[in-house]
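Visitor: I have a model to look through with you. Can you put it up, please?

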Amino acid sequence: MTETTPDWFDTAFAGAPLMAILRGMGVERSVRLSETAWDLGIDSVEVPLQTEEDERALRAVVAAARERGKIVGAGTIITPAQVALAADAGAEYLVSPGLDPVVVRAAQEAGIPILPGVATPSEVQLAVSLGLTWLKAFPATWLGSGWFKHIRGPFPQVRFVATGGLDASNVEEYLAAGVRVAAVGSALEDASQLERLAAVLQARTGSAQ
């Protein structure tokens with residue numbers, strides 16, 4: 001197995017401060033929204049893995065991503081068995097709703113970067129002890145943007161991906177609070193939100209399409 005490095009996500013998320021989460025959208029819709037995200041300038045797409053249909057969607061999105069040189073992650077990974085399933089489907093990284101050291105170790109042993117979910121200082125500290133520097137803060141809008149300003153004090157080395165309730169109306173608030181990446185989902189189907197997300201990308205990277 002290959003070794004993962006702490007800076008894998010630094011490279012993966014270097015191109016844009018946004019990522020897309022396509023939960024339960026089926027095969028065709030997932031592929032279509034992935035292409036929308038890529039065209040917008042969002043490099044990374046996550047497909048949560050909860051049903052057999054989700055697995056088919058993940059495989060389809062992975063195939064489309066390979067043609068465009070993009071990366072795809074598998075989300076809602078809560079068991080070691082799902083780690084193996086996601087790897088077989090071609091996921092390049094994993095995302096969990098919570099922090100389970102057993103799942104983290106399974107991902108590390110498989111050589112796949114993982115973003116476990118955290119919502120408390122204790123969870124952040126445990127994740128750091130497991131060798132992680134990138135974490136998913138969930139649910140972000142429940143935590144509030146102020147949480148990130150406070151948590152950076154004791155954990156300045158940790159980089160956060162904010163997920164849960166984010167769209168074009170509030171992603172800039174979270175990015176301004178120190179979040180490295182903000183995740184959006186249904187906003188990709190709203191033309192007015194696409195324009196606002198493009199503006200965020202343009203302002204922060206200067207490379208939105």
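Visitor: Which residue caps the N-terminal end of H5?

Guide: Asp 100 does. One of its side-chain oxygens lies 2.9 Å from the backbone nitrogen of Val 102. Helices here are DSSP runs of H or I with at least four residues, strands are runs of E with at least two, and both are numbered from the N terminus.

Visitor: Before we go on, what sort of model is it, and how are things counted?

Guide: This is a predicted model: local features need pLDDT of at least 70, side-chain atom pairs count only at pLDDT 80 or more, and totals for chains, interfaces and linings use all residues. Residues are numbered from 1 along each chain as its sequence is written, and side-chain values use heavy atoms, with hydrogens and water left out.

Visitor: Back to H5. Which of its residues are buried?

Guide: H5 spans residues 101-110, and Val 103, Val 104, Ala 106 and Ala 107 are buried there. Buried means under 20% relative accessible area, exposed means over 50%, and partly exposed is in between (1.4 Å probe, protein chains only).

Visitor: Why do they line one face of the helix?

Guide: Seen down the axis of H5, the buried residues fall within an arc of 160 degrees, so they line one face. The arc is that of the directions from the helix axis to the C-beta atoms. On the other side of H5, Val 102 and Glu 109 are exposed.

Visitor: What covers the buried residues of H5?

Guide: The cover includes helix H4 (80-89), strand S4 (93-95) and strand S5 (114-115).

Visitor: And what follows H5?

Guide: Gly 111, with a positive phi near 75 degrees. Gly 111 sits in the loop between H5 and S5. Its relative accessible area is 14%, so Gly 111 is buried.

Visitor: Which residue other than glycine has a positive phi?

Guide: Thr 76 is one, with phi near 55 degrees. Thr 76 lies in the loop between strand S3 (71-75) and H4. It counts as buried, at 12% relative accessibility.

Visitor: Where is there a cis peptide bond?

Guide: One joins Phe 138 and Pro 139, with omega at about -5 degrees. Pro 139 is in the loop between strand S7 (134-137) and helix H7 (140-143).

Visitor: New topic, the core. Which residues touch the most other members?

Guide: In the largest nonpolar core, of 67 residues, they are Leu 94, Val 124, Trp 147, Phe 148, Phe 160, Leu 188 and Leu 197. The largest share of this core comes from helix H3 (residues 52-68), with 6 residues. A nonpolar core is a set of buried Ala, Val, Leu, Ile, Met, Phe, Trp, Tyr and Cys residues joined through side-chain atoms within 4.5 Å.

Visitor: What does a second, separate core include?

Guide: That core has 13 residues, including Phe 9, Ala 12, Tyr 93 and Trp 134.

Visitor: Which residues is Leu 188 in contact with?

Guide: Leaving aside neighbours within four places in sequence, its contacts include Ala 20, Leu 22, Leu 33, Thr 36 and Leu 197. Contact means heavy atoms within 4.5 Å.

Visitor: Tyr 93 again. Which side chain does a polar contact join to it?

Guide: That of Ser 44, at 2.6 Å. A polar contact is a pair of N or O atoms within 3.5 Å; within protein, one must be able to donate a hydrogen and the other to accept it, and residues adjacent in sequence count only if both atoms are side-chain atoms. Ser 44 is in strand S2 (residues 44-48). It is buried, with a relative accessible area of 1%.

Visitor: Where is Val 158?

Guide: In the loop between H8 and strand S8 (159-162). Val 158 is buried, at 7% relative accessible area. Not counting residues up to four places away in sequence, Val 158 touches Val 124, Val 128, Thr 133 and Leu 135.

Visitor: Zooming out, how many helices and strands are there?

Guide: The protein chain has 10 helices and 9 strands.
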